[in-house]
Amino acid sequence: MSSIELKAVEKWFGNAQVIKGVDLTIDEGEFVIFVGPSGCGKSTLLRMIAGLEETSRGQIMVGGRDATAEPPNKRGLAMVFQSYALYPHMSVRDNVGFPLKSAGLPKEEIEAKVNEAARVLKLDSYLNRRPKDLSGGQRQRVAIGRSIVRDPTAFLFDEPLSNLDASLRVEMRYEIAKLHQTLKATMIYVTHDQVEAMTLADRIVVLEFGKIAQVGTPRELYEKPANLFVAQFIGSPRMNVMPADTVSSVTLPTEAKSLGIRPEHITLVEAGIGHLQGTVDVLEYLGADTFVICDCGRAGQVTVRVNGDVTLAPGERTGLAFQSENLHGFDSNGLSTALVA
């Protein structure tokens with residue numbers, strides 16, 4: 001295992017700069033996830049760490065050494081791709097052991113490492129099957145096993161679950177979380193799915209247009225977003241944001257131009273009271289919860305998370321009361337600003 005450090009890293013494609021001076025330290029054994037919308041540079045940054053993309057400027061340090069100019073096979077990193085890239089004519093055993101066979105290791109050592117990887121990933125009973133006989137989740141575990149046997153300094157995952165259906169994604173999230181607990185290895189993981197990021201990461205790196213918008217634990221990003229972009233990217237449903245002057249009975253500093261509040265921090269009350277007034281527009285029933293989407297005039301659409309047994313109907317007027325301690329203020333540049341207690 002090794003730490004990984006990025007120092008003022010940039011990536012240019014001709015005149016287009018896609019990574020704009022990223023500084024980041026990933027500690028040994030840490031699970032860090034890159035998230036952001038399509039085109040923000042998260043996969044490019046991962047490929048630069050792997051050595052699959054050239055670094056235009058800056059340094060990439062792996063285990064304290066400068067690996068910026070090293071080819072991928074010299075960095076000691078293992079990458080798991082979105083596509084499984086398994087050899088269809090080979091058994092699971094041969095697929096997992098292929099990197100070791102290519103490196104010329106003795107058969108006994110290959111067998112021992114393959115068996116250990118199969119034990120960790122619960123693939124013992126599948127070793128003699130071929131990829132076509134496996135489910136999507138099992139194939140992804142085989143791809144991960146092929147990385148484990150190399151005993152890498154760090155694992156790099158590039159949207160590894162995006163080809164799986166919803167139930168398998170949940171199952172594989174659990175498998176990857178347990179794998180990190182077992183191996184205690186450094187892991188860097190790219191996803192566009194913020195649920196994956198929130199449930200798996202020690203720290204999340206939120207990227208916006210090739211820059212880091214914020215780095216922090218899932219809780220830090222959820223409870224203390226540094227700006228409007230992070231506030232609305234992290235969390236599902238996303239944070240409600242409205243002009244500050246549309247909300248009554250809240251004391252605000254002059255620099256606060258927008259107010260944000262998460263759906264679970266709003267209570268529906270009688271019409272005529274509360275911080276905001278609205279008309280029920282849509283009810284989204286999810287079982288234990290219902291999302292009530294209200295039309296609040298100039299404040300826009302506001303989503304409220306309530307118990308699933310709510311009895312409201314579309315068209316009803318309602319008041320919305322905010323938990324003042326959970327309000328977020330943002331200035332004209334979208335940066336977080338402290339609210340008056």
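Strands here are DSSP runs of E with at least two residues, helices are runs of H or I with at least four residues, and both are numbered from the N terminus. Two strands count as paired if DSSP finds at least two bridges between them. In general, strands of a sheet pair through backbone hydrogen bonds, either parallel or antiparallel.

One word on the source. This is a predicted model, where local features need pLDDT of at least 70, side-chain atom pairs count only at pLDDT 80 or more, and totals for chains, interfaces and linings use all residues. Residues are numbered from 1 along each chain as its sequence is written, and side-chain values use heavy atoms, with hydrogens and water left out.

Back to the hairpin. Lys11 stands opposite Ile19 in S2. There are 2 residues between the strands, and in this hairpin Gly14 takes a positive phi near 65°. S1 (residues 4-13) also pairs with strand S4 (residues 57-62), antiparallel, through 5 bridges. There, Glu10 has Arg57 in S4 as its bridge partner.

Next, an open sheet. In what order do its strands run? The 4 strands are ordered S11-S12-S18-S19, with antiparallel pairing. Strand S11 (240-243) and strand S19 (336-337) stand at the edges, each with a single partner strand, so one side of each has no neighbour in the sheet. Look at S19 and strand S18 (residues 328-330): they are joined in the antiparallel sense over 2 bridges. Phe330 stands opposite Ser336 in S19.

Pro237 lies between helix H8 (228-233) and S11. The peptide bond from Ser236 to Pro237 is cis, with omega near -5°.

Now a helix. Helix H3 (residues 107-121) has 15 residues. From first C-alpha to last, H3 reaches 21 Å, close to the expected 21 Å. That expected span is 1.5 Å times one less than the number of residues.

Which residues of H3 are buried? They are Ile110, Val114, Ala117, Ala118, Val120 and Leu121. Buried means under 20% relative accessible area, exposed means over 50%, and partly exposed is in between, using a 1.4 Å probe and protein chains only. Seen down the axis of H3, the buried residues fall within an arc of 160°, so they line one face of the helix. The arc is taken from the directions from the helix axis to the C-beta atoms. What covers them? The cover includes helix H2 (92-102), helix H4 (136-148) and helix H5 (166-183). Contact, throughout this talk, means heavy atoms within 4.5 Å.

Lys122 is not a glycine, yet its phi is positive, about 60°. Is Lys122 buried or exposed? Lys122 counts as exposed, at 53% relative accessibility.

Phe209 makes a second case. Its phi is near 50°, again positive in a residue other than glycine. Phe209 sits in the loop between strand S9 (203-208) and strand S10 (211-216). At 62% relative accessibility, Phe209 is exposed.

On to the inside. A nonpolar core is a set of buried Ala, Val, Leu, Ile, Met, Phe, Trp, Tyr and Cys residues joined through side-chain atoms within 4.5 Å. How many residues are in the largest nonpolar core? It has 46 residues, and those with the most contacts inside it are Ile33, Ile144, Tyr189 and Val206. H3 gives the largest share of this core, 6 residues. Apart from it lies another core, of 26 residues, with Leu24, Cys40, Ile60 and Val62 among them.

Take Ile33. Leaving aside neighbours within four places in sequence, Ile33 is in contact with residues including Tyr189, Thr191, Leu200 and Val205.

Then His265, in the loop between strand S12 (258-261) and strand S13 (266-269). His265 counts as buried, at 17% relative accessibility. Not counting residues up to four places away in sequence, His265 touches Ala321, Phe322, Gln323 and Asn326.

Last, the cysteines. A disulfide is a covalent bond between the sulfur atoms of two cysteines. The rule here asks for a pair of cysteine sulfur atoms within 2.5 Å. By this rule, the count is 0 disulfides. Cys294 is buried, at 0% relative accessibility. Cys40 is buried too, with a relative accessible area of 2%.
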